[in-house]
Amino acid sequence: MKPKPVIPREQANLDVEEAIRYYLSEGSERAALGFIDALERAYAHIGRHPASGSPRYAFELDLPGLRFWLLQRYPQIVLYVELDDRVDVWRVLHGQRDIPAWMRDPGKS
């Protein structure tokens with residue numbers, strides 16, 4: 001089966017930029033680059049296996065089809081929905097945040 005393209009929404013891209021800025025502000029270019037690598041691996045995985053993410057927040061937020069995938073070695077999660085022609089990435093958030101609150105109010109970032 002052909003992988004689906006993974007397309008992040010504008011808010012997901014802003015989340016990624018915020019995480020990179022944080023790692024760089026902590027003086028760790030290595031962590032920032034590692035985060036980018038982990039995110040690319042996550043996008044590749046969910047493009048090939050979109051149903052493998054957890055539907056936990058779909059139930060909490062009453063958003064059918066919403067799934068999340070945890071980055072390897074980083075605390076961020078990718079929140080996404082599989083569509084017929086692509087994987088739609090909604091957010092890339094730190095897993096320790098109140099995810100339902102952040103999903104309801106994108107202005108929190």
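# Notebook: loops, strands and rings

I began with Asp-62, which lies in the loop between α3 and β2; helices here are DSSP runs of H or I with at least four residues, strands are runs of E with at least two, and both are numbered from the N terminus. The model is a predicted one, in which local features need pLDDT of at least 70 and side-chain atom pairs count only at pLDDT 80 or more, while totals for chains, interfaces and linings use all residues. I number residues from 1 along each chain as its sequence is written, and side-chain values use heavy atoms, with hydrogens and water left out.

**Entry 1, backbone angles.** I looked up phi for Asp-62 and found a positive value near 55° in a residue other than glycine. Most residues other than glycine have a negative phi.

Leu-61 is found in helix α3, which covers residues 56–61, and at 13% relative accessibility I record Leu-61 as buried. From Leu-61 I took the distance to Trp-90: the two are 29 residues apart in sequence and 13 Å apart in space, C-alpha to C-alpha.

Which strands pair with β3? I count two strands as paired if DSSP finds at least two bridges between them. Strand β2 (residues 66–70) is joined to β3 by five bridges, and the two run antiparallel; within this pairing, Phe-68 stands opposite Leu-79 of β3. Strand β4 (residues 87–94) also runs antiparallel to β3, here with seven bridges, and Gln-76 has His-94 in β4 as its bridge partner. The hairpin from β3 to β4 passes through four residues.

I next checked burial along β3 (residues 76–82), where six of the seven residues are buried, so the strand is largely enclosed by the rest of the structure.

I paired rings of Phe, Tyr and Trp (its six-membered ring) where their centres lie within 6.5 Å, calling planes under 30 degrees apart stacked, over 60 edge-to-face and the rest tilted. By this rule I have five aromatic pairs. One of them is Tyr-22 with Tyr-23, an edge-to-face pair at 5.6 Å centre to centre and 65° between the planes. Tyr-22 is partly exposed at 47% relative accessibility, whereas Tyr-23 is buried with a relative accessible area of 11%.

Tyr-23 also pairs with Phe-35, in a tilted arrangement with 5.7 Å centre to centre and 45° between the planes. Why does this pair tie together separate parts of the sequence? Tyr-23 lies in helix α1 (residues 10–25) and Phe-35 in helix α2 (residues 29–48), so the pair ties together parts that are twelve residues apart in sequence. I note that both Tyr-23 and Phe-35 are buried. Finally, I recorded that ring pairs link Tyr-22, Tyr-23, Phe-35 and Tyr-74 into a cluster.

Technical notes. Buried means under 20% relative accessible area, exposed over 50%, partly exposed in between (1.4 Å probe, protein chains only).
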